[in-house]
Amino acid sequence: MASDQTALTAGLAVLTISLAAVFGPFLGISPWWTTVFTAFALGALSLDAARFGGRGGHLLAEALPGGKARLRRIARHEAGHALVAQAEGLAVRRVLVGSLAALQAGLTCGGSTEFDPPATAKLPLDDLRRWSRVLLAGMAAEDLLYGESVGGADDRALLGRLWGLSGQDVATAQLEQRRARREVAQWLRQHQDELEAEAEQLLERAPRLGHPIAALSL
Ligand SMILES: [Zn+2]
């Protein structure tokens, strides 16, 4: 009798999960989950994939003499993500700087930082705070070194999704994100030399059209 009960419960659980999968989109369950889990299913959480709007013209622009300033800005943004991630104990898989590097990796963007995705989509508060600092670090690095950040829209969008999934209320999410931004800005100010050095290293390794061995031509 007890085992019948267990079987029935398991059966219902499977049915519920199946129904959620089939009808989730119609029940309004899906938006957060689908987007974030799609990112997770790809095996890496990739920031800035849509940033700096990489297209063919950018490949050329980056190869021209003035292109280095643009690449340096991307490198500093990505270095912000990478350094803070290291400090937070999040493993960085790959940092790409420049449209050519992205294109070689099959991405159309100007730069990207990739992480192992979190083990679960519904993150506890400590992890949310950690991811908030990492996701906001690119913009904070630009703020520090240029006085403003260009874009960062997809960093913010991803952060919004993680907080949305967490079940925390909106006021808490906003408060925590403002706090994370202050914390990361202060941390980067204290590590500015390291940030600039990391960015220069990324810049040296960044491939450019007509500059295949960029590091040697500096
Ligand atoms: Zn970013």
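Axes here are lines fitted to C-alpha atoms, for helices over the stretch in contact, and the angles between their N-to-C directions run from 0 to 180 degrees. The structure is a predicted model, in which local features need pLDDT of at least 70 and side-chain atom pairs count only at pLDDT 80 or more, while totals for chains, interfaces and linings use all residues. Residues are numbered from 1 along each chain as its sequence is written.

The protein chain holds 10 helices and three strands, where helices (H or I, at least four residues) and strands (E, at least two) are DSSP runs numbered from the N terminus.

Helix 7 covers residues 153-166, and its end C-alpha atoms lie 20 Å apart, in agreement with the 20 Å that its 14 residues should span at 1.5 Å a residue, the expected span being 1.5 Å times one less than the number of residues. Within helix 7, D155, L158, L159, L162, W163 and S166 are buried, a term for residues with 20 or more other C-beta atoms within 10 Å of their own, whereas exposed ones have 12 or fewer and partly exposed ones fall in between, with C-beta atoms placed from the backbone. Seen down the axis, these buried residues fall within an arc of 135°, so they line one face of helix 7; the arc is that of the directions from the helix axis to the C-beta atoms. The face turned away from that buried side carries the exposed residues A153 and A157.

The axes of helix 6 (residues 125-146) and helix 7 come within 9 Å and cross at roughly 170°. That makes helix 6 roughly antiparallel to helix 7, a label for angles over 145 degrees, as against under 35 for roughly parallel, 65 to 115 for roughly perpendicular and the rest for oblique.
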